[in-house]
Amino acid sequence: MELPIHFLRPFFLLLMIPVAWLLYAVWTHKKSAQKGWSKHIDTHLLDHLIIPGSSSTSKSTWFYSACCAALLSVFALSGPSWEKSPAPVFEKRDALVIVLDLSLSMYATDG
């Protein structure tokens, strides 16, 4: 079964790896920052101390939106296409050469 989407520049899809790694790194850092407070504050008190609409939440929302935009941009850079473009490398281009000798030796009689 053949995929309905073809990529004109598939090597641009390799840029998704650093973007995904950055997204994962920020996500794990945020989780570890919340766990850092749990070492010093009891868990039943920590739930009441964390403000749900804090500025760090809005910053992370912007960051996740930027990562999604970067992933979409990388996908667009890879050149998705419904039809596979013909590769000019595989086209057969045999040249036809006609040589005509017009020298004086052509007037000699065979004998």
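**Exercise 1. Find which residues F75 touches, not counting residues up to four places away in sequence.**

Step 1. F75 lies in helix α3. Helices (H or I, at least four residues) and strands (E, at least two) are DSSP runs, numbered from the N terminus.
Step 2. Read off the partners: F7, L13, M16 and P80.
Step 3. F75 and M16 are 59 residues apart in sequence, yet their C-alpha atoms are 8.2 Å apart in space.

Ground rules: this is a predicted model, where local features need pLDDT of at least 70, side-chain atom pairs count only at pLDDT 80 or more, and totals for chains, interfaces and linings use all residues. Residues are numbered from 1 along each chain as its sequence is written, and side-chain values use heavy atoms, with hydrogens and water left out.

**Exercise 2. Count the aromatic pairs and classify what you find.**

Step 1. Apply the rule. Rings of Phe, Tyr and Trp (its six-membered ring) pair if their centres lie within 6.5 Å; planes under 30 degrees apart count as stacked, over 60 as edge-to-face and the rest as tilted.
Step 2. The count is one aromatic pair.
Step 3. Classify. The ring centres of F7 and F75 are 5.6 Å apart and the planes stand at 85°, so the pair is edge-to-face.
Step 4. Locate the partners. F7 is in strand β1 (residues 6-7) and F75 in helix α3 (residues 55-77), so the pair ties together parts that are 68 residues apart in sequence.
Step 5. Check accessibility. Buried means under 20% relative accessible area, exposed over 50%, partly exposed in between (1.4 Å probe, protein chains only). F7 is partly exposed at 29%. F75 is partly exposed at 32%.

**Exercise 3. Decide whether S78 is buried or exposed, and list what S78 touches.**

Step 1. S78 sits in the loop between α3 and β2 (80-81).
Step 2. Its relative accessibility is 0%, so S78 is buried.
Step 3. Leaving out residues up to four places away in sequence, S78 touches F7, L8, R9, P10, F12 and L13.

**Exercise 4. Work out how many disulfides the structure holds.**

Step 1. Set the cut-off: a pair of cysteine sulfur atoms within 2.5 Å.
Step 2. The total is zero.
Step 3. C67 is buried at 5%, whereas C68 is partly exposed at 46%.

Note on methods: Contact = heavy atoms within 4.5 Å.
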